[in-house]
Amino acid sequence: MITGTIKTQIDQIWNAFWSGGVSNPLSVIEQLTFLMFIKRLDDLQTVEERKSEDLGLPIARRIFPEGADDKGEPYDNLRWSRFKHFEAREMMRIVDEHVFPFLRQLGEEGSSYGTHMKDARLGFSNANLLAKVVQMLDDIHMDDRDTKGDVYEYMLGKIASAGTNGQFRTPRHIIELMVNIMKPQPGDTICDPAAGTCGFLVAAGEYLRDHHPEMLRKKETRDHFHNSMFHGFDFDATMLRIGAMNMTLHGVENADVSYRDSLAEEHGTDAGTYSLILANPPFAGSLDYDTTAKDLLKIVKTKKTELLFMALFLRQLRIGGRAAVVVPDGVLFGSSTAHKGVRKMLVEEHKLDAIIKLPSGVFRPYAGVSCAIVVFTKTGVGGTEGVWFYDMTADGFSLDDKRTPLMEAEKLGVCPMQALSPEEHAKNNLPDILDRWNDRDAEAARPRTAQSFMVPAEDIIATGSWDLSLNRYKEIEHEEVTHVAPAEIIAELRALEAEIAEGLDRLEGMLG
């Protein structure tokens, strides 16, 4: 777990950027990603050199060549362990004029660790700032995978004010809820078609390490974990870099994090490829038919991005594949032909498992839109018997822009370290959601006045619009109220009036 000392060190790095004139949080994290990548390259070569020395064999994988670059600078000077000792201006010259061109060259050569560095640029010109940040980064002890991952997660938590182009981070506890509901397995092939910082893929990887540690001890499953299990797509180069670094620092060596405009490109190459999709895609509104992938329009003819993403998920899943995705509420009850068509597909052609309604403040400060988690399985032949609905009212944090924790850290999240009392459940529904999901057989007996309940597929079909909004099926329990008869109320009022009049008469007599 990340310590207070490390948090303080990262905060100091952030403040150094801020005072050095780099104030956009996204720019800060991008520059830190570059520097951490440069440090990682040096670490990788150091490991290879030690291995070579111990075994008495030539270096198997050399990242920094021998000799000098095309400008005459020795490649040794481009290594973090070397230039970190240079004077500030000399360090600036080496990093700006030699290290970054070297990174771009790695990207152009298609190196597995340089793919996202094709347009890498040093984003500031202050030599003292560079020297200070390099020193502070070097002082953070990131010796193990957990610490590296936690450090980067903490850094990513600081881009809260950088939600641009419809991009924003899904809260980590919501991601963990979705991953725990889906329970990734060692044989899964997992995709997030709008990956951003790869939060869902990272959480799935951590779940597998915790629940299936044996998979990393067998060559076949270990190779699958590192090379072919995780697939993330985005069309923002900065997000790709951040996402790729996030996966790397969480111990996934060669995740497929690549450029793709998921709604604009045909999906013939990966149709039916994935066994698990976890996603919270950006819902930016409408697209032109001309820019939308034709294979998606065959599934659902619409310009709405939220419906196109649902079509995309169904297209990319293999038969038997599962998905847990966040959708805006409009998908659940929208009245257009396309909205109804998507819901009909989920209910009648595939297996719709659950609708978990989220409170409207979950994605603040980015957006206050009401959303839900939709859980379904692609079958192609139906299979929906009953749909499980849960009305989440609290996630452990205040539902305003500040998102302040409502309880101690050990009582937050999906799997808190302490059991929650009924009063604490009212502040954090996540453990209860997971418990009820894992015991869905008992849910059929719950009345529709409860926080969760099952709705038979025939009831949903009977609406004629395949309505999936929780309020359509939830019943409100009204308490019986006994009212006093009007005649009694009138008699009581007259008695009060008489009493007031008598009091006034006495007062007049005393004054007279």
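Author: Two strands pair if DSSP finds at least two bridges between them. Helices (H or I, at least four residues) and strands (E, at least two) are DSSP runs, numbered from the N terminus. This is a predicted model, in which local features need pLDDT of at least 70, side-chain atom pairs count only at pLDDT 80 or more, and totals for chains, interfaces and linings use all residues. Residues are numbered from 1 along each chain as its sequence is written, and side-chain values use heavy atoms, with hydrogens and water left out.

Reader: Fine. What is the bridge partner of Ile 356 in E8?

Author: Tyr 390. Strand E8 (residues 386–391) runs parallel to E6, with four bridges joining them.

Reader: And which residue is its partner in E7?

Author: Ile 373 is the E7 partner of Ile 356. E6 and E7 (residues 371–377) are antiparallel and joined by six bridges.

Reader: Why is E6 largely enclosed?

Author: Because five of the seven residues of E6 (residues 351–357) are buried. Buried means under 20% relative accessible area, exposed over 50%, and partly exposed in between (1.4 Å probe, protein chains only).

Reader: Switching to H7. How many of its residues are buried?

Author: Nine of the eleven in H7 (residues 172–182). Among them are His 173, Leu 177 and Asn 180.

Reader: What do they pack against?

Author: The buried residues of H7 pack against helix H8 (199–211), strand E4 (274–279), strand E5 (317–328), E6, E7 and helix H16 (430–438). Contact here means heavy atoms within 4.5 Å.

Reader: What follows H7?

Author: Lys 183, with a positive phi near 50°.

Reader: Where is Arg 403, and what is its phi?

Author: Arg 403 is in the loop between E8 and helix H15 (422–425). Its phi is positive, about 50°, although Arg 403 is not a glycine.

Reader: Is Arg 403 buried or exposed?

Author: Buried, with a relative accessible area of 13%.

Reader: And Trp 466, buried or exposed?

Author: Trp 466 is buried too, at 15% relative accessible area. Trp 466 sits in the loop between helix H17 (457–462) and helix H18 (470–473), and has a positive phi of about 55°.

Reader: Last one. In which sense do E2 and E3 pair?

Author: Parallel, with four bridges between E2 (residues 230–234) and E3 (residues 256–259). Asp 234 stands opposite Tyr 259 in E3.
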